[in-house]
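User: Hi! Could you walk me through this one while I have it open?

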Amino acid sequence: MSATMRSAIVIGAGVIGSAVAYELARDGWSVTVVDKAGAPGQGSTSSSSSIVRFNYSTFAGVVLAWESFHIWLEWRTHLGAAQSEHIAEMMNLGVVMLDVPVMNTAATTELFQRVGIDYEIWDSKDLAARVPGIDVGKYWPPKSISNAGFWEDAKEEIGALYTSDGGYISDPSLSAVNLADAAKRHGAHFRFKEEIVAILKSESRVLNATERTFDLRKKLWRF
Ligand SMILES: Cc1cc2nc3c(=O)[nH]c(=O)nc-3n(C[C@H](O)[C@H](O)[C@H](O)COP(=O)(O)OP(=O)(O)OC[C@H]3O[C@@H](n4cnc5c(N)ncnc54)[C@H](O)[C@@H]3O)c2cc1C
């Protein structure tokens with residue numbers, strides 16, 4: 001590492017930590033990623049439904065999701081991965097977001113228009129035709145199976161907000177592995193089965209990484 005090279009320690013090799021490590025390493029940072037698990041993407045990333053959708057409540061959130069979707073579409077290029085590398089896939093099947101009171105369709109579609117995301121508003125007949133077999137009954141609010149209301153028939157019907165873009169990532173853990181491998185290609189170093197137990201600060205600054213100690217027996221890092 002050169003004297004002027006900036007260095008960073010990333011805690012966690014989930015999809016977020018691995019992406020951060022990749023971006024920093026690509027920008028020339030010296031990066032060390034520490035994760036208490038045994039491999040990338042073993043935390044909440046491994047449980048993710050990995051749905052890629054655009055209906056978020058802020059302009060920044062929608063733009064970020066829309067931009068990320070296009071990166072997912074060009075995943076191999078984004079990673080700089082060889083054709084032989086096994087990578088996650090963006091399943092671009094479209095998204096049907098059912099009308100529920102917590103979803104403000106007017107606010108969402110206004111953001112979609114600002115960002116330039118195509119959408120369709122479906123009533124219950126459209127929904128039944130476009131998603132064959134779906135029950136278009138309105139059962140809101142959700143009820144526990146022990147609640148007598150759980151078995152009641154729906155009294156109203158719902159529609160949906162549809163975007164032809166969006167879908168899900170075939171394997172969220174693999175996407176974190178892909179990002180970690182891409183980061184490694186740019187020199188990032190990964191340490192697994194090691195846990196950060198404290199971040200020591202001096203006058204609001206995180207202490208320099210050279211001041212860390214590493215307990216080999218416990219495999220715990222202190223900074
Ligand atoms: C059931 C479920 C469904 C979801 N569905 C979706 C979805 O459809 N679409 C979507 O966009 N998002 C979804 N999410 C959210 C998404 O999975 C998370 O936002 C994302 O995976 C978070 O990534 P992360 O890297 O921040 O966290 P994680 O994947 O949890 O990674 C954190 C890592 O840090 C490590 N770590 C933690 N503490 C320490 C420590 N002290 N020292 C060393 N290592 C440490 C952990 O071992 C872990 O590997 C879902 C999440 C869940 C649980």
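Analyst: Happy to; here is a tour by topic, starting with the ground rules.
Analyst: This is a predicted model, so to speak of local features we need pLDDT of at least 70, side-chain atom pairs count only at pLDDT 80 or more, and totals for chains, interfaces and linings use all residues. Residues are numbered from 1 along each chain as its sequence is written.

User: Great. How many helices and strands are in the protein chain?
Analyst: The protein chain has 6 helices and 14 strands. Helices (H or I, at least four residues) and strands (E, at least two) are DSSP runs, numbered from the N terminus.

User: And what percentage of the residues is buried?
Analyst: Buried residues account for 25% of the 223 in the protein chain. A residue is buried if 20 or more other C-beta atoms lie within 10 Å of its own, exposed if 12 or fewer, and partly exposed in between, with C-beta atoms placed from the backbone.

User: On to the ligand. Which residues are closest?
Analyst: The closest are Gly12, Gly14, Gly43, Thr45 and Ser48, out of 22 residues that surround the ligand. To be near a molecule or strand, a residue must have its C-beta atom, placed from the backbone, within 6 Å of it.

User: Which elements supply at least two residues of that shell?
Analyst: Helix 1 (15–26), strand 2 (30–35) and strand 10 (195–198) each do. Helix 1 has the largest share, with 3 residues.

User: How does the shell divide by residue type?
Analyst: There are 8 nonpolar, 11 polar and 3 charged residues around the ligand. Here Ala, Val, Leu, Ile, Met, Phe, Trp, Tyr, Cys and Pro count as nonpolar, Asp, Glu, Lys and Arg as charged, and the others, Gly among them, as polar.

User: Let's stay on helix 1. Is it mostly covered or exposed?
Analyst: Mostly covered, since 9 of its 12 residues are buried. Among them are Val15, Val20, Tyr22 and Leu24. The buried residues of helix 1 pack against strand 1 (7–11), strand 2 and helix 6.

User: What span should helix 1 have?
Analyst: At 1.5 Å a residue, helix 1 should span 16 Å, and its end C-alpha atoms are 16 Å apart, which agrees. The expected span is 1.5 Å times one less than the number of residues. After helix 1 comes Gly28, with a positive phi near 95 degrees.

User: Why does Val20 count as buried?
Analyst: Because Val20 has 22 C-beta neighbours inside 10 Å. Its C-alpha atom is separated by 8.9 Å from that of Leu179, 159 residues apart along the chain.

User: Now the largest nonpolar core. Which residues touch the most other members?
Analyst: Ala21, Val31, Val33, Leu179, Ala180 and Ala183 do, in a core of 21 residues. Helix 1, strand 2 and helix 6 (172–185) each supply at least two residues of this core, and helix 1 gives the most, with 7. A nonpolar core is a set of buried Ala, Val, Leu, Ile, Met, Phe, Trp, Tyr and Cys residues joined through C-beta atoms within 7 Å.

User: What does Ala180 touch?
Analyst: Not counting residues up to four places away in sequence, Ala180 touches Ala13, Ser18, Ala21, Pro40 and Phe190.

User: Switching to helix 2. Which of its residues are buried?
Analyst: Val62, Trp66 and Trp72 are the buried residues of helix 2. They cover an arc of only 120 degrees around the axis, which puts them on the same side of helix 2. The arc is that of the directions from the helix axis to the C-beta atoms. On the other side of helix 2, Ala60 and Glu67 are exposed.

User: And what do the buried ones pack against?
Analyst: Their partners include helix 3 (75–79), helix 4 (105–115) and strand 8 (167–169).

User: How about Lys193, buried or exposed?
Analyst: Lys193 counts as exposed, with 11 C-beta neighbours inside 10 Å. Lys193 also has a positive phi, about 60 degrees, and lies in the loop between strand 9 (189–192) and strand 10.

How values were computed: Two residues are in contact if their C-beta atoms, placed from the backbone, lie within 7 Å.
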